[in-house]
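Q: I'd like a close look at one part of this model, the packing inside it. Could you walk me through that in one go?

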Amino acid sequence: LIIINTFDYDFTNNRIITIRYILSGILLALSSLIKFNVIPLAVVFLLLYPFLIGYSFKSKKLFVKSFIGLISFVVAFLLILKLTGQDLTNIPSMLVGVYEIIKGYAQAMYLNGNHVQTFVAIITILYFLYLILISYKKKQKVLFSQLILLFLILFLSFKEGFIRHDPGLIGGHALYFFTVSLTVIAFTILIYSKLEFSSNFLNLIFILIFCFNIIGGAINILPPYNFIQFLELISSKHARTQYQQFTDNAIRSQSQLPPSIVQAVANNPVTIIAWNLMMAQGYHFKFIPEVIPQTYSAYTPYLDEQNAKQILNNNNLQNIIYSFQDIDGRYPLFSEPYTFDAILSCYKLQIPGNPYSLFTRKNSCNNLNLFPISTIRAEFNQWVKVPQNAEFADIEFKNTLFSHIIDTLYKPFCHMYIYFQASNNTVAGPFRVVPMVYRDHLFIKYLITNQNDLNNLMSGETNKLLKIKAIKIVVKGINLEYDKHYHAKFYVSSD
């Protein structure tokens, strides 16, 4: 908003404009390092701004000068990374990771929440599009440029809030959109009041949208005691020590990790799977996080591969505290399949438990050697027989043309689930499918349904486990994303 408001300033006051450009770049750099998905917003915003300045004022000088915001963003971004001790040569890898996380987020993480909130949000988006079209039609160039930038903020906050749309009226993700939209709407009203363009109808529409946003979302205001506690913590070492002890005890009480596992880990390096990372703080472990922390976040082949490489190559990683759990009704072994294959190859059970078990590294660790044995072309909602000697499988889904458009503008309209038929003919499922990683060598030799099954697998006591006899993938909802056929390729391991 600091930079959007420059359209209304006197550009002869170079100092104020320059300060706004630099400040905007610095703030967006800080935001990008706090939350990575701000990076594309910042780059697009600061790159689009000069062209809108050129369009609005037809000035080459102003056009060139307006790149100061983008330059200050890049300089501040690099400087902050350097000051915090980061290796700048890792930036390309970081940007690839950011791209992968953003690319796969919609398909892997989307949820459907309250329909009233969705309706209000879409009405808000559509009305801003209407205002943009009207301003363009009336050749109000400055207004048009400001609305374009405001819409960019609003649309990206819509994506942030409604891809993973939490159930209930005050879900955290949707709250983000409604909080941002309140600010954007208030700023837009200010723009129109300066132009003396608003009519009774326009005011009524803005009031209605404003009220809808208050109903649809909520703004949490921290109670005063939180601020008082903050002041105590920054001013008193004793208060910080007490609070640290209180936090550690709370984490231990919640985790309830068996003493045998705590003693076995001791001061040795350990990672934690699936997501209870706070355990490392509570027990003061020598913690080595996964490259992509929390298994449900490694939802593209590239991200899955980064975690698998760490498992395969980091010999110092002697211990894994593993819990058989996942989000959104997923099958835990299929959240990061390649990584689990590496764990299966490199680790063995040391201490069984429920819900936590301790795996320790084997003396030798090699990537699995897989050999294809058959490929099947299948359809949704049909059982596919698993070859008797198959151990792993790649399932390849073909995206439609519409899928990329849908994922860019909103999120998928359907969920995909997998069912397993065991060797005793019992059926397990449905488990939610994360399509992108289903071509990462899914472990389909045995059906693992709980922590005890996992313990048996990792200890080699596979005679207690059921084999997977067949699989079935179903689609629920409006399927505009995928072709009705998919391919299943089965493998056997030489190990």
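How many residues are in the largest nonpolar core, and which of them have the most contacts inside it?

A: Keep in mind that this is a predicted model. Its largest nonpolar core has 72 residues, and Leu-333 and Phe-397 are the ones with the most contacts inside it. The element that gives the most to this core is helix 15, residues 337-346, with 6 residues. Apart from this core lies another one, of 53 residues, including Phe-7, Phe-45, Ile-91 and Leu-149.

Let's zoom in on Phe-397. Leaving out residues up to four places away in sequence, Phe-397 touches Phe-380, Met-416, Val-433, Pro-435, Tyr-438, Ile-473, Tyr-482 and Tyr-486. Several of those names come back once you look at rings: Phe-397 belongs to one aromatic cluster together with Tyr-331, Phe-334, Phe-380, Phe-420, Phe-431, Tyr-438, Tyr-482 and Tyr-486.

Aromatic pairs number 34 in the structure. Take Phe-420 and Phe-431: their ring centres sit 5.7 Å apart with the planes at 45°, so this pair is tilted. Phe-420 is in strand 9 (residues 414-422) and Phe-431 in strand 10 (residues 427-432), so the pair ties together parts that are 11 residues apart in sequence. Phe-420 has 0% relative accessibility and counts as buried. Phe-431 comes out at 17%, and because buried means under 20% relative accessible area, Phe-431 counts as buried too. Cys-414 is another buried residue, with a relative accessible area of 3%.

Rings also turn up with charged partners. Arg-432 lies over the face of Tyr-110, at 4.7 Å from the ring centre. Lys-141 does the like with Tyr-55, over the face and 5.4 Å from the ring centre.

Four strands make an open sheet with the order 6-14-8-11, paired in the antiparallel sense. Strand 6 (370-379) and strand 11 (442-443) stand at the edges with a single partner strand each, so one side of each has no neighbour in the sheet. Strand 14, residues 482-493, pairs with strand 6 over 9 bridges, antiparallel. Within that pairing, Ile-376 has Ala-488 of strand 14 as its bridge partner, while Ser-374 stands opposite Phe-490. Strand 14 also pairs with strand 8 (residues 392-399), again antiparallel, over 7 bridges. There, Glu-396 stands opposite His-487. As a general point, side chains in a regular strand alternate between the two faces of the sheet.

Last stop, the disulfide. The structure holds 1 of them, and it joins Cys-346 to Cys-365 with an S to S distance of 1.7 Å. The link between Cys-346 and Cys-365 is right-handed, with 50° about the S-S bond. Cys-346 lies in helix 15, while Cys-365 is in the loop between strand 5 (357-361) and strand 6, so the pair ties together parts 19 residues apart in sequence. Both cysteines, Cys-346 and Cys-365, are buried.

Note on methods: Residues are numbered from 1 along each chain as its sequence is written. This is a predicted model: local features need pLDDT of at least 70, side-chain atom pairs count only at pLDDT 80 or more; totals for chains, interfaces and linings use all residues. Side-chain values use heavy atoms; hydrogens and water are left out. A nonpolar core is a set of buried Ala, Val, Leu, Ile, Met, Phe, Trp, Tyr and Cys residues joined through side-chain atoms within 4.5 Å. Buried means under 20% relative accessible area, exposed over 50%, partly exposed in between (1.4 Å probe, protein chains only). Helices (H or I, at least four residues) and strands (E, at least two) are DSSP runs, numbered from the N terminus. Contact means heavy atoms within 4.5 Å. Rings of Phe, Tyr and Trp (its six-membered ring) pair if their centres lie within 6.5 Å; planes under 30 degrees apart count as stacked, over 60 as edge-to-face and the rest as tilted. A charge sits over a ring if NZ of Lys or CZ of Arg is within 6 Å of the ring centre and within 35 degrees of the ring normal. Two strands pair if DSSP finds at least two bridges between them. A disulfide is a pair of cysteine sulfur atoms within 2.5 Å.
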